[in-house]
Protein chains: 2
Amino acid sequence: MRPLFHPSVEDVRPEAILHALSDPERAAIFAEISGAGCVQACSAVAVVGDRTIPKSSLSHHIKVLREAGLIRCERHGVEMRNHSRCGEIDGRFPGLLASILSAYALVARKVCGG
Amino acid sequence: MRPLFHPSVEDVRPEAILHALSDPERAAIFAEISGAGCVQACSAVAVVGDRTIPKSSLSHHIKVLREAGLIRCERHGVEMRNHSRCGEIDGRFPGLLASILSAYALVARKVCGG
DNA sequence: TTCAATAGTTCCGATATTCCGAACTATGGT
DNA sequence: ACCATAGTTCGGAATATCGGAACTATTGAA
């Protein structure tokens with residue numbers, strides 16, 4: 001299998017990032033990947049909140065995140081490992097990802113009453 | 001004409017903001033409204049870059065920005081005045097709008113070679 | 001009050017996107 | 001070679017977006 005396409009940092013576009021993260025499920029997936037630094041396998045993030053995401057949808061979400069430049073995906077044996085590109089992106093668009101993830105975290109906290 | 005719906009600040013959702021600003025034209029419109037503090041009439045923002053936006057599309061963009069909580073719209077006589085709600089939103093999601101607008105500004109600068 | 005001009009909204013068909021089950025592909029173990 | 005595991009692609013239904021044409025709201029003039 002040929003290596004997956006990843007945009008270089010300088011090709012990353014703000015609209016792609018915002019679009020990718022404008023889906024709360026995708027944002028949650030990205031937050032988990034970023035939090036863990038490296039999340040092993042798509043299946044590891046297949047449950048968001050109380051909903052199990054169908055694997056075709058999950059595959060699509062991962063692809064959107066990858067093509068937006070937000071994550072880096074590598075195959076290790078039979079599974080895929082997803083790494084956040086948070087650091088790279090932050091170098092280019094300082095504070096962007098942090099403020100987006102904080103915004104979602106704030107709302108999640110409120111909704112859950114935690 | 002009954003007053004337009006505007007969400008209160010605490011009802012503003014991150015996904016709505018990101019979705020609204022994930023369209024570069026809409027982001028440009030919002031940037032202009034925010035820059036001017038108050039932009040008079042939709043027609044004042046009807047040209048983005050080198051493209052003139054059809055008025056039905058513009059009306060739609062303004063509606064999306066309004067319903068996301070990003071702008072406040074008031075009719076003054078025959079025209080609409082659009083105010084940025086940047087301050088309110090920043091109180092709730094600190095740094096979010098600033099980093100998004102900066103990201104777009106950075107890319108625009110690069111593309112235009114200015 | 002009637003008419004015209006201006007500013008924006010709504011309608012609706014064409015196009016594009018999203019969602020997800022089913023079928024398919026890739027890799028590792030036996 | 002075969003099976004199991006992990007993920008991707010296909011395809012069609014549901015949904016969203018775009019924009020021209022028709023419509024509505026407001027002001028000002030006759």
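Q: Where does A:Ser84 lie in chain A?
A: A:Ser84 lies in strand 5, residues 79-84 of chain A. Strands here are DSSP runs of E with at least two residues, helices are runs of H or I with at least four, and both are numbered from the N terminus.

Q: Before we go on, what kind of model is this?
A: It's a predicted model, where local features need pLDDT of at least 70, side-chain atom pairs count only at pLDDT 80 or more, and totals for chains, interfaces and linings use all residues. Residues are numbered from 1 along each chain as its sequence is written, chains are lettered from A and ligands numbered from 1 in the order in which they are written, and side-chain values use heavy atoms, with hydrogens and water left out.

Q: Ok, back to A:Ser84. Which side chain does its side chain make a polar contact with?
A: That of A:Ser34, at 3.0 Å. A polar contact is a pair of N or O atoms within 3.5 Å; within protein, one must be able to donate a hydrogen and the other to accept it, and residues adjacent in sequence count only if both atoms are side-chain atoms.

Q: Which backbone nitrogen lies 3.0 Å from a polar atom of the A:Ser84 side chain?
A: The one of A:Cys86. Leaving aside neighbours within four places in sequence, A:Ser84 is also in contact with residues including A:Phe30, A:Leu70 and A:Ile71. Contact means heavy atoms within 4.5 Å.

Q: New topic: salt bridges. How many are there over all chains?
A: A search of the whole structure finds ten. A salt bridge is a side-chain nitrogen of Lys or Arg within 4 Å of a carboxyl oxygen of Asp or Glu.

Q: Which residue does A:Arg51 pair with?
A: A:Glu25, with the closest N and O atoms 2.5 Å apart. A:Arg51 is in strand 3 (residues 51-52) and A:Glu25 in helix 2 (residues 24-36) of chain A, so the pair ties together parts that are 26 residues apart in sequence.

Q: Are those two buried or exposed?
A: A:Arg51 is partly exposed, at 38% relative accessible area, while A:Glu25 counts as buried at 17%. Buried means under 20% relative accessible area, exposed over 50%, and partly exposed in between, using a 1.4 Å probe and protein chains only.

Q: And which residues are linked in a network of salt bridges?
A: A:Arg72, A:Arg85 and A:Glu88.

Q: Now the two chains. How much area do they bury between them?
A: About 1,800 Å², with 72% of it on carbon and sulfur atoms. Buried area is the accessible area (1.4 Å probe) that two parts lose on being put together, summed over both.

Q: Is B:Ile100 buried or exposed?
A: Buried, with a relative accessible area of 1%. B:Ile100 lies in that helix, residues 96-112 of chain B. Not counting residues up to four places away in sequence, B:Ile100 touches A:Leu18, A:Leu96, B:Leu18 and B:Leu21.
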